[in-house]
Amino acid sequence: MKTTKQAPIKNTDDNLEESLVTQQAIKINQLESSLARALADYANLERRYSEQSSAVIKFATSSLLTKLLDIRDHLAMASQSLKDQSLTMILGSLDKLLVDEGITEVKTDGLYDPTSMECQEQVDGEKDKVIQVVRNGYLLHSRVLRTARVIVGNGVLKGHEPKK
């Protein structure tokens with residue numbers, strides 16, 4: 001009887017093994033990609049949370065500061081009226097406290113800015129120029145806390161025809 005050699009089965013096992021290795025490599029790449037996205041999402045979440053937390057802390061006092069601004073306005077009127085040295089010192093201390101908390105006054109010299117000013121009245125004068133400040137406005141860390149009330153020119157100059 002003649003014996004024949006059988007083809008090695010190992011070749012099929014090698015192909016199967018390569019296929020499994022390739023599938024596992026693809027799966028590893030997919031998992032690494034998913035992990036990288038998850039880590040990036042988490043880093044973005046941490047950054048957003050930190051920004052929102054600092055904004056909440058930064059502007060948490062806005063309600064109290066708005067009330068203090070009304071008191072500051074009344075003290076300023078009393079100081080101008082009475083010319084009292086101690087009242088002026090108190091007003092200076094309050095102004096320093098407000099500046100330390102991030103309060104700055106809205107600039108009202110020049111043209112009317114509707115984002116930080118409220119037009120109370122229009123009178124004869126240069127168009128859109130602030131003629132008079134009725135109530136000062138304030139910013140808290142560059143955000144409008146209270147708009148300035150102003151009187152604005154309507155473009156009619158005294159003794160002249162209106163500009164068109």
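## Basis of the description

Because the model is predicted, local features need a pLDDT of at least 70 and side-chain atom pairs count only at pLDDT 80 or more, whereas totals for chains, interfaces and linings use all residues. Residues are numbered from 1 along each chain as its sequence is written, and side-chain values use heavy atoms, with hydrogens and water left out.

## The largest pocket

The largest pocket has a volume of about 180 Å³. A pocket here is an open set of points on a 1 Å grid over the protein atoms alone, where a 1.4 Å probe fits and protein lies on both sides within 12 Å along at least five of seven lines; the volume is the space filled by probe spheres set on the points, which are joined across faces, edges and corners.

Its lining, meaning residues with an atom within 4 Å of a point, consists of R72, D73, A76, M77, Q80, V134, R135 and N136. Two elements, α2 (62-82) and β3 (130-135), each give two or more residues to this lining, and the largest share, five residues, comes from α2. Helices (H or I, at least four residues) and strands (E, at least two) are DSSP runs numbered from the N terminus. By class, the lining divides into three nonpolar, two polar and three charged residues, where Ala, Val, Leu, Ile, Met, Phe, Trp, Tyr, Cys and Pro count as nonpolar, Asp, Glu, Lys and Arg as charged, and the others, Gly among them, as polar.

## The α2 and α3 pair

The pocket-lining helix α2 also packs with helix α3 (residues 85-100), at an angle of about 155° and with the axes 9 Å apart. This makes α2 roughly antiparallel to α3, a term for angles over 145 degrees, on a scale from 0 to 180 degrees between N-to-C directions of axes fitted to C-alpha atoms over the stretch in contact. The crossing of α2 past α3 is left-handed, that is, the near helix is turned anticlockwise from the far one by less than a right angle.

## The sheet containing β3

Strand β3 belongs to an open sheet of three strands in the order β2-β6-β3, with mixed pairing; two strands pair if DSSP finds at least two bridges between them. β2 (117-123) and β3 stand at the edges with a single partner strand each, so one side of each has no neighbour in the sheet. Neighbouring strands are turned by 30° against each other on average, direction ignored.

β3 and β6 (residues 148-153) run antiparallel and are joined by four bridges, and Q132 stands opposite I151 in β6.

## The β1-β4-β5 sheet

Another open sheet of three strands has the order β1-β4-β5 and antiparallel pairing. Its edge strands, β1 (103-105) and β5 (143-146), each pair on one side only, and the twist averages 40° from one strand to the next.

Three bridges link β1 with β4 (residues 138-140), and T104 has L139 in β4 as its bridge partner. β4 is likewise joined to β5 by three bridges, with R143 in β5 as the bridge partner of L140. β4 and β5 form a hairpin with two residues between them, and H141 in the turn has a positive phi of about 50°.

Terms used. Parallel < 35°, antiparallel > 145°, perpendicular 65-115°, else oblique.
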